[in-house]
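Here is a short briefing on a few selected residues. Look over the sequence and the model, then read on.

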Amino acid sequence: MKHAKKTAEQIPVFLLTGFLGAGKTTLLNRILEAPVFHDTALIINEFGLVPVDHDLVREGREQPVVTTTGCICCTAGSDLRSSLDELLVGRRDGSLPSFSRVIVETTGLADPAPIINSLIPGGIAAVSLRDHAVARVFRLSAVITVVDVESVGAALGNHPECRRQVAFADHAVLTRTDIASAGDWPERLREINPALQVHDAAEAGFDPASLLAPGSYSAFGKGEGVEAWLTTETHHHDHAGDFQDLNRHGNVVAIPLTHDQPLDIGALRRFLMKLTSTPGNGLLRIKGLVALQENPASPAVVHAVQHRLYPITRIDSWPKTEAYSRLIVIGTNLNEEAIRQDFDALSRRPQPLLVSAFQAFRHGTGLF
């Protein structure tokens with residue numbers, strides 16, 4: 001596949017992929033810590049109708065951010081082009097600050113092929129003035145995938161999206177190597193993609209800046225089938241699911257859970273332990289922010305990957321004004337009714353004074 005020469009005025013776009021729970025948001029936060037990357041625009045794609053990931057990104061005060069829900073790989077690139085156009089229009093009319101690059105963080109279930117095709121010459125055809133404007137201004141520079149060495153084996157075996165994320169990537173960043181050995185994963189990943197540059201996020205010499213060198217993405221050398229996949233995806237993309245249901249991706253379902261009352265931490269832990277210890281429920285991911293009764297103004301961050309539950313941590317304050325508990329539970333064989341009943345039961349005995357105070361805080365009356 002031929003690629004046109006990059007022009008000086010084009011803004012580099014970096015695609016950040018990786019299966020559910022691999023550590024994409026953690027890597028993104030590391031990148032954004034560097035002052036040189038403060039002029040980076042973000043497009044954060046989330047699976048499910050209740051967004052969580054954008055709350056876990058430490059946004060710079062001047063950083064433009066666009067959030068999309070539903071998997072952008074299921075919409076033949078239209079959502080991504082629309083998001084890029086939103087950034088472009090905002091920069092032009094002054095409602096957004098200037099930016100030098102764009103990072104697109106995809107949902108962990110995203111197949112990169114149709115997303116890449118929406119950004120490269122010869123991919124999905126431009127059908128509107130908006131599409132032509134995006135093609136002129138933006139250029140895909142590189143694809144970065146994040147690989148959790150503890151869970152990548154199961155993900156590769158059960159989810160073809162994970163294999164494609166590796167196959168299309170320029171860089172693979174290994175995570176969890178501080179608690180588990182990388183073993184022979186660098187070699188095994190290069191068997192899928194011989195051109196892959198493999199980095200260890202836990203190594204002292206790892207520099208996230210090395211991932212964002214401007215360039216022009218090419219499928220050349222990435223292994224058999226990659227260019228053919230791109231050609232196929234230009235004309236057809238199917239996930240065997242209802243694309244109108246933003247909480248479904250093939251046989252994977254996202255269950256959004258919300259509460260507007262502070263929860264007891266012990267009850268929350270029991271709920272999470274039950275979810276992560278139930279055999280055969282196909283759990284892939286739990287993530288979210290929760291208001292706890294002892295300090296509702298400081299939300300708790302909840303993470304689980306498959307049946308591995310991480311310790312609950314706290315952040316200083318709620319993102320913007322969205323002070324309510326929200327969790328996303330993602331899996332393939334989940335009992336949605338039972339999960340919702342268990343979650344709803346967490347606040348059946350609210351503390352009236354605490355609840356009224358938290359409601360006042362949410363609506364900005366200053367009781368916290």
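Is L16 buried or exposed? L16 counts as buried because its relative accessibility is 2%; buried means under 20% relative accessible area, exposed over 50%, and partly exposed in between (1.4 Å probe, protein chains only). This is a predicted model, where local features need pLDDT of at least 70, side-chain atom pairs count only at pLDDT 80 or more, and totals for chains, interfaces and linings use all residues. Residues are numbered from 1 along each chain as its sequence is written, and side-chain values use heavy atoms, with hydrogens and water left out.

**L16 in its strand**
- L16 sits in strand β1, residues 11-18 (helices, H or I, at least four residues, and strands, E, at least two, are DSSP runs numbered from the N terminus).
- Beyond four places in sequence, the contacts of L16 include L27, L28, I103, V104, I144 and V146 (contact means heavy atoms within 4.5 Å).
- A142 is 126 residues from L16 in sequence, yet their C-alpha atoms are 8.7 Å apart.

**D170 in its loop**
- D170 lies in the loop between α7 (160-167) and β6 (171-175).
- D170 counts as buried, at 15% relative accessibility.
- The side chains of D170 and K222 form a polar contact of 2.8 Å (a pair of N or O atoms within 3.5 Å; within protein, one must be able to donate a hydrogen and the other to accept it, and residues adjacent in sequence count only if both atoms are side-chain atoms).
- Leaving out residues up to four places away in sequence, D170 also touches residues including S141, A142, V143 and Y217.

**Positive phi**
- R176, not a glycine, has a positive phi of about 70°.
- R176 is in the loop between β6 and α8 (185-192).
- Q306, not a glycine, has a positive phi of about 55°.
- Q306 is in the loop between β11 (300-305) and β12 (308-309), and is partly exposed at 23% relative accessible area.
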